[in-house]
Amino acid sequence: MALIVKNIIWQKRYMDSLRLMRISNKAAALEGVEKVAVVMATVLNKEILKEVGLLVTEGAGASNDDIFVAVAVEDENRIQAVLDFIEEEMKREGERIKDMAGYAPKSLESALEMMPQANLSLISVPGQYAKAEAMKALKKGLHVFLFSDNVTIEEELELKKYAEEQGLLVMGPGCGTAIINGVGLAFANVVKKGPVGIVAAAGTGLQEVSTLLSNAGVGVSHGFGTGGRDLSDKIGGITAKQCLRILEEDPETEVIVLISKPPGPNTAQELSKYLVRMRKPVVLNFIGLSSTIEGGDKVFITKTLEGAALRAVSLIRNEAFQEKVFTEEMSKVLQLAESEYKKFSGKQRYVRGLYSGGTVCSESTLILADFVPTVTSNMPPRAELEMKDTKVSVAHALVDLGDEEFTVGRAHPMIDPFVRKQRFLQEARDPETAVILLDVVLGYGSHPDMARVLADTIIEAKSLKEKEGGYLSVVASVIGTEEDPQKRSEQEKKLLDCGVVIMPSNAQAARMAALIATRGEIKNRL
């Protein structure tokens, strides 16, 4: 029976993407509902709905400030009941907001009246308002964690210069993660307290390193986010250098890890001079680094995030360091890879990466580029690896679905898997797709059970590939700890149960994907 698709537009109404996602999930569980989406009617959301057959004529004219409801059912009599349910849920969400108004402060001033001892402000507002709100906080003597993106680099420079003059930090803009005195901010994991301090211009980079450290039994003193542009020549590493100073003086920090894209050439020179004066050892991981950083015998450069974590562990324990290509014995790795690729059809040969974290996407792109030709990404560690069309994968292609173009009007893919699930099926339908490579990021702020919600899509995608006579290999790494709300081992089991190859780090997952896609041809280069 053909599905009946209906679009309803509620004009000039707004609700944030998290609440709309919650309503969509509840409506999807109703009897007789095949598909449903409740979203803001952004261009991206309408494009996605069109791809999955949920956009019809009456929905095409919806604008960014409208709420868009798309329903697909077999029985037309069910449509009104579903719409009534959604309307009722929207009212309930509205009531929840009203209930919060009794105790939730409505301004920075009223928040400080409630918490006069506060010394940090987390700001998450649309980019055009972020600078003004951040400056308000700085003038109140507060450090700023600036989650907002779409802030101009000129505004960032002004904020950071002012903060530096006042002895304050601006972490951001686009800062996704920090761990301050054991307290996680935004997307952070539950990690052990310990002697390694982290400075990161990369949110998932900080998460990968902090969880690998914690899982190895070596904890984190502090993890500072700087924002992705901090080490550009325009900003000059203002926040990074402030954070390095803090960790240098912190008695609980013994080793420092610095993670970033390669710094600008002028900033690299300044950073080299700065690192020479550091008393504590510093482990550097500049993804895609093409120039050298001088820092004396206390600076250790690593190629991967995993390498940075393991190097820090070796320094803490005063042990010899050797980064392994795979943790498991090579014979077992090769056997596992062969069990995957022997089921491929003749056309299958490409890796398609679907990431929620930009840093791990960049790292995987760099690793793949060492083993396979024509790798591209929307998070290229080098300019020549840039993806021309982010909506269509060509050859080996890795996409960070947490990039700004995919998050306008909807929650980040660490929270809402909708965009990734649709792209997953799109890649599975391509007869040349051999491996889908992904990250599953746990911790505070992330989806409470991402493995479960991805599992149905993985099973469907594998079924699609089998119907065309092939096999879809799925390789993943889970960034998290046993102490995270989602519990790492439980998430890994759910993925294993639907046929996913789980690797212990992002770097190892990328190497495994390359090994499988090339049908073992690169084994002598590993």
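**View 1. Helices H7 and H10 cross at roughly 40°.** In this predicted model, the axes of H7 and H10 (residues 305-317) come within 9 Å. Axes here are lines fitted to C-alpha atoms, for helices over the stretch in contact, with angles running from 0 to 180 degrees between N-to-C directions. H7 and H10 are therefore oblique to each other (under 35 degrees counts as roughly parallel, over 145 as roughly antiparallel, 65 to 115 as roughly perpendicular, and the rest as oblique). Helices (H or I, at least four residues) and strands (E, at least two) are DSSP runs, numbered from the N terminus.

View 2. A cavity is a set of points on a 1 Å grid over the protein atoms alone where a 1.4 Å probe fits but cannot get out, and lining residues have an atom within 4 Å of a point. Points are joined across faces, edges and corners, and the volume is the space filled by probe spheres set on them. Look for Glu208, Asn215, Ile479 and Arg488 among the lining residues. Domain 2 (108-317) and domain 3 (330-525) each provide at least three; domain bounds come from an automatic or database domain assignment.

**View 3. The largest cavity lies between domain 1 (4-101) and domain 3 (330-525), because both give residues to its lining.** About 130 Å³ of space lies here, in one of two cavities of 30 Å³ or more found in the whole structure. Helix H2 (43-51) and helix H14 (418-429) each supply at least two lining residues. The lining includes Leu44, Glu47, Phe406 and Arg423. By class, it has five nonpolar, two polar and four charged residues (Ala, Val, Leu, Ile, Met, Phe, Trp, Tyr, Cys and Pro count as nonpolar, Asp, Glu, Lys and Arg as charged, and the others, Gly among them, as polar).

**View 4. Two loops hold a cis peptide bond and a positive phi.** The bond from Gly172 to Pro173 is cis, with omega near 0°, and Pro173 sits in the loop between E6 (170-171) and E7 (177-180). In the loop between E7 and E8 (183-186) is Asn181, a non-glycine residue with phi near 50°.

**Notes.** Residues are numbered from 1 along each chain as its sequence is written, and side-chain values use heavy atoms, leaving out hydrogens and water. Local features need pLDDT of at least 70 and side-chain atom pairs count only at pLDDT 80 or more, but totals for chains, interfaces and linings use all residues.

Terms used: 1 Å grid on protein atoms, 1.4 Å probe; cavity = no way out; pocket = protein on both sides within 12 Å on 5 of 7 lines; lining within 4 Å.
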